[in-house]
Amino acid sequence: FSNIFNYAIKNNFILKRDNPVNGLDHLKESPNIPNPPTQEEFDMFIEYLPVHVRIIICLLRYTGFRQSELHSLVWRNINWRENVIEIEAVNAKSGESRFMPMSKYVRDTLQSLRSGSAWTRTGDNKLTIFWPNDEDPESIIIPHMDIRKSINRAIAQITADTKGSKQGSWRITKITKHMMRHMWATDLGLR
């Protein structure tokens, strides 16, 4: 709350002496630093994912995009000639547009999606997932979808499959889309 009141003081909405949080102790925040998988663990993990989820996770992993940025990409954001992806200002957290170079993997993956894609999800409720082709440059490439259940199922299956194995049991209990951004940033820092 102190940030809100500091903003109000800075913009003359309230006087500094009227700040109701003055003198209050700040609660300590526990550092919730994610422990992303190693590259070896990541490679194993994606083998357990349905194809459409694997594409989402790998694109997040190898671009560093936020999930909102990935799921707002339209075909006109892909510049094949310059080999870059544009994140428009309206979709960027910073409010500024930026360009991301495409790696060979990212380019090949997006190229494979240009004709559109469909996957039938099995299980209790069969469902076909459609992703649009590039005929309409305003089509969203990868519509937003909740993939948490697929991720959790993959983790549960890996955990069961590796229990008691010579290589050791699976250590990761949670993987999020945002962890892919951490992995990308770690790779960037190592270059």
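Contact is defined here as heavy atoms within 4.5 Å. The structure is a predicted model, in which local features need pLDDT of at least 70, side-chain atom pairs count only at pLDDT 80 or more, and totals for chains, interfaces and linings use all residues. Residues are numbered from 1 along each chain as its sequence is written, and side-chain values use heavy atoms, with hydrogens and water left out.

Leaving aside neighbours within four places in sequence, F45 is in contact with I57, I151, A154, I155, I158, W170 and I175. F45, I57 and L110 have the most contacts inside the largest nonpolar core, which has 43 residues. Such a core is a set of buried Ala, Val, Leu, Ile, Met, Phe, Trp, Tyr and Cys residues joined through side-chain atoms within 4.5 Å, where buried means under 20% relative accessible area (1.4 Å probe, protein chains only). Among the elements that each supply at least two residues of this core are α2, α3, β2 and α5. The largest share, 7 residues, comes from α3.

Helices (H or I, at least four residues) and strands (E, at least two) are DSSP runs, numbered from the N terminus. The axes of α2 (residues 39-46) and α3 (residues 51-63) come within 10 Å and cross at roughly 155°; axes are lines fitted to C-alpha atoms, for helices over the stretch in contact, and angles run from 0 to 180 degrees between N-to-C directions. The two helices α2 and α3 are therefore roughly antiparallel, a label for angles over 145 degrees. Q39, F42, D43, F45 and I46 in α2 meet R54, I57, C58, R61 and Y62 in α3.

Definitions and conventions. Parallel < 35°, antiparallel > 145°, perpendicular 65-115°, else oblique. Buried < 20%, exposed > 50% of the residue type's maximum accessible area, 1.4 Å probe, protein only.
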